[in-house]
Amino acid sequence: MSIFRIRGGRSLAGSVGVQGAKNSVLPILAATVLAHGECVIHNCPRLSDVEHTMEILGYLGCKIRQEGRTVWVDASAPTGCSIPDELMREMRSSVVFLGPILGRMGQAELTYPGGCELGPRPIDLHLAALRALGAEIQERSGRLVCKGELTGGSITLSLASVGATENAMLAAVAAKGTTTITNAAREPEIVELQSFLRALGAKVRGAGSSVIVIEGGDPLHGGEHTVQSDRIVAATYLSAVACAGGEGELLGVDWRQLSTVTAALVEAGCQVESGSNSIRIAVRKPLKAVRPIRTAPYPGFPTDAQAVVMAALCKAEGATVFVENMFESRYRHVGELARMGADIRVEGRVAVVCGVPRLFGASVRAADLRGGAALVAAGLGAEGETEVSGVKHILRGYEDLAGDLAALGADICLEEEIVI
Ligand code: UD1
């Protein structure tokens, strides 16, 4: 069994560059299916989800090459329009291929995506968006059979879903005519997808606001793009310094994307200084509880940062209330933090963290990606040794968590199980 082994209780000091954003690169790679030429994507994080996405592209008949963190995709002559079940199950975001495959090939056949770790994650909004553009979708014993020539239309999302907005944008670029997406998600990953699509010649505007307008139907050409840094990885490292104390500098990050996270950390007593392309955090005194943290769509507090900030507040003086509004089952780290001595009570979507003077090292298990990262961060601020298992969940989102935290001064290593 692989584990992260952490010797906690020492304050941090160091500097680290932040990897490319997982949630940006996946829809961007899916978008390459629409290009009648070669796309070059730089700063792709080396993650299993990226590998699975490249496998899907290969399966669809795209030519792929990778050198370091640069990936070349040539979708000049795709041959497939279906994705096998084993690849669909690997990750939730595989569903974002539906729009581009349908748009490019006029048909698509997929199974339901995997990734149910946060409670039920329906795809009804994705399907409704594609139907609004004229797709005929049949759901037959776990398979989605889709066909139709898409035409521009009006899509109103009942919920500002990130994935459904991406799928709708990718389908709309291929649909003849004008599409308007209302109540679109406003996450930075949506803005980035727009800039990639524009680099391929698409006419898209409005990303970052809740109305996106797309003039679709013209074939796209190849293009080049550099993936932005991962705001959730940055939030994790800021929280890790907040857990352990000391100071740290994150390089290559856009502080504007992190303002709700840094506001909470500043309220707790951290000093945060933002530069044009970096953030510094210093934690010189015990933290205190903050006003309620409610997760919300961007620009609200990100659900993906809830667990790591909770870890940082376990030792804060007073009580902090968390309200998880995005996903039903996103407190699976709480029971494990309790093993380390945290005092947290959960009632439905609400968690109340009562600060304790110290945490203790323990053997804990990650049940999901960000919850797992929270256990690692908490381990840095705990006395003694912590072992975090369930490592595969954490590695889905962090290229080199142990190496990056070590660069920030942490005593941590990843002990990998050797399978013979
Ligand atoms: C994306 C991110 C994930 C982040 C989430 C919210 C990726 C790969 N993942 O996930 O890290 O936590 O945004 O910021 O980018 N919903 C429906 N029907 C649908 C789609 C969504 O009811 O068809 C609901 C979901 O159950 C959830 C809410 O909408 O309660 C938001 O989900 P959504 O924004 O779609 O998240 P993802 O795109 O899956």
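**Helix packing, ligand shell and strand pairing**

In helix H4, the buried residues are Leu 98, Gly 99, Pro 100, Ile 101, Leu 102 and Arg 104. Buried means under 20% relative accessible area, exposed means over 50%, and partly exposed lies in between, with a 1.4 Å probe and protein chains only. Helices (H or I, at least four residues) and strands (E, at least two) are DSSP runs numbered from the N terminus. The model is predicted: local features need pLDDT of at least 70, side-chain atom pairs count only at pLDDT 80 or more, and totals for chains, interfaces and linings use all residues. Residues are numbered from 1 along each chain as its sequence is written, and side-chain values use heavy atoms, with hydrogens and water left out.

H4 spans residues 98–105, and six of its eight residues are buried, so the helix is largely enclosed by the rest of the structure. Its buried residues pack against helix H1 (22–31), strand E6 (107–111), H5, strand E8 (143–147) and H6. Contact here means heavy atoms within 4.5 Å. Just after H4, Gly 106 takes a positive phi of about 80°.

Helix H5 has its own buried set: Leu 125, His 126, Leu 127, Ala 129 and Leu 130. These residues pack against H4, strand E7 (136–140), E8, strand E9 (154–156) and H6. An α-helix has 3.6 residues a turn, so residues three or four places apart point the same way.

The ligand is surrounded by 19 residues, and the closest are Asp 124, Ser 161, Val 162, Asp 304 and Met 326. A residue is near a molecule or strand if one of its heavy atoms lies within 4 Å of it. Helix H5 (124–132) and helix H6 (162–174) each supply at least two residues of this shell. H5 gives the most, with three residues. By class, the shell holds eight nonpolar, six polar and five charged residues. Ala, Val, Leu, Ile, Met, Phe, Trp, Tyr, Cys and Pro count as nonpolar; Asp, Glu, Lys and Arg count as charged; the others, Gly among them, count as polar.

A backbone N or O atom of Val 162 lies 2.8 Å from a ligand oxygen. An N or O atom in the side chain of Asp 304 is 2.6 Å from an oxygen atom of the ligand. A polar backbone atom of Met 326 is also 2.6 Å from a ligand oxygen. Taken alone, the ligand exposes 740 Å², and the protein buries 86% of that. Accessible areas come from the Shrake-Rupley method with a 1.4 Å probe; for residues, only the protein chains shown count as cover.

Strand pairing was assigned from DSSP, with at least two bridges required between two strands. Strand E18 (residues 319–323) pairs with E20 in the antiparallel sense over five bridges. Here Ala 319 has Cys 354 of E20 as its bridge partner. Strand E19 (residues 343–347) is also antiparallel to E20, joined by five bridges. Glu 347 has Val 350 of E20 as its bridge partner. The hairpin of E19 and E20 has two residues between the strands, and Gly 348 takes a positive phi near 60° there. Side chains alternate along E20 (residues 350–354).

Strand E3 (residues 38–42) has pairings of both senses. Four bridges join E3 to strand E5 (residues 70–74), and the two run antiparallel. Ile 41 stands opposite Val 71 in E5. Four bridges also join E3 to strand E13 (residues 223–226), in parallel. Val 40 stands opposite Glu 224 in E13.

Two single residues complete the account. Thr 236 is found in helix H8 (residues 231–244). At 3% relative accessibility, Thr 236 counts as buried. Beyond its neighbours within four places in sequence, Thr 236 is in contact with Val 308, Ala 373 and Tyr 398. Arg 186 is found in the loop between strand E10 (177–182) and helix H7 (188–199). At 36% relative accessibility, Arg 186 counts as partly exposed. Arg 186 and Pro 297 are 111 residues apart in sequence and 7.6 Å apart in space, C-alpha to C-alpha.

Methods
Polar contact = N/O pair within 3.5 Å; in protein donor to acceptor, adjacent residues only side chain to side chain.
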